[in-house]
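Trainee: I would like to go through the salt bridges here. Please hold each label against its cut-off.

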Amino acid sequence: MAVNRQSALSGPDLAEDVALYREKFQRRLPAALEDLRGPTTGVVELLAHVAWSGMTAYDLGKPRQRMGLCRTVLHEGLREDLALYLNHELLLDLWPTLRSLVGRTVRSVWEDAFPQLAARGRSAA
């Protein structure tokens with residue numbers, strides 16, 4: 001019996017999956033952006049549960065690596081990792097570009113929670 005792939009990816013099950021995926025990122029959010037007190041300079045070594053695939057060390061003096069660190073931590077980091085590795089001022093500065101590099105769910109969760117990020121995104125558009 002063939003499975004109709006279209007029906008398997010739509011309807012209530014898909015909506016529930018999307019809601020659960022969104023909730024995963026919402027649970028990780030800091031109470032305030034200012035809680036993100038990570039470094040702004042130097043080389044940052046990510047723990048294995050955050051950097052489970054790809055680079056593990058990021059030189060914050062290199063723009064592409066700064067962006068890569070933020071993207072990786074936003075997608076893979078737990079709440080305590082966000083506070084440890086991300087810096088709120090750096091995140092605000094990078095957000096106009098970074099928002100286009102993260103997934104739609106990550107972007108919307110962060111912009112819904114922190115209007116200052118949404119404003120940065122709109123001002124860059």
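Mentor: Start with accessibility: buried means under 20% relative accessible area, exposed over 50%, and partly exposed in between (1.4 Å probe, protein chains only). The model is predicted, so local features need pLDDT of at least 70, side-chain atom pairs count only at pLDDT 80 or more, and totals for chains, interfaces and linings use all residues. Residues are numbered from 1 along each chain as its sequence is written, and side-chain values use heavy atoms, with hydrogens and water left out.

Trainee: Why is Arg 99 called partly exposed?

Mentor: Its relative accessible area is 23%. That falls between 20% and 50%, so the label is partly exposed.

Trainee: What makes Arg 99 and Glu 111 a salt bridge?

Mentor: The rule asks for a side-chain nitrogen of Lys or Arg within 4 Å of a carboxyl oxygen of Asp or Glu. Here N to O is 2.6 Å, so the pair qualifies. Arg 99 sits in the loop between helix 5 (88–98) and helix 6, Glu 111 in helix 6, 12 residues apart. Helices are DSSP runs (H or I, at least four residues), numbered from the N terminus.

Trainee: How do you know whether Glu 111 is buried or exposed?

Mentor: Its value is 14%. That is under 20%, so Glu 111 is buried.

Trainee: Why does the contact of Arg 22 with Asp 112 count as a salt bridge?

Mentor: The closest N and O atoms are 2.4 Å apart, within 4 Å, so it counts. Arg 22 lies in helix 2 and Asp 112 in helix 6, so the pair ties together parts 90 residues apart in sequence. Asp 112 has 54%, over 50%, so it is exposed.

Technical notes:
Helices (H or I, at least four residues) and strands (E, at least two) are DSSP runs, numbered from the N terminus.
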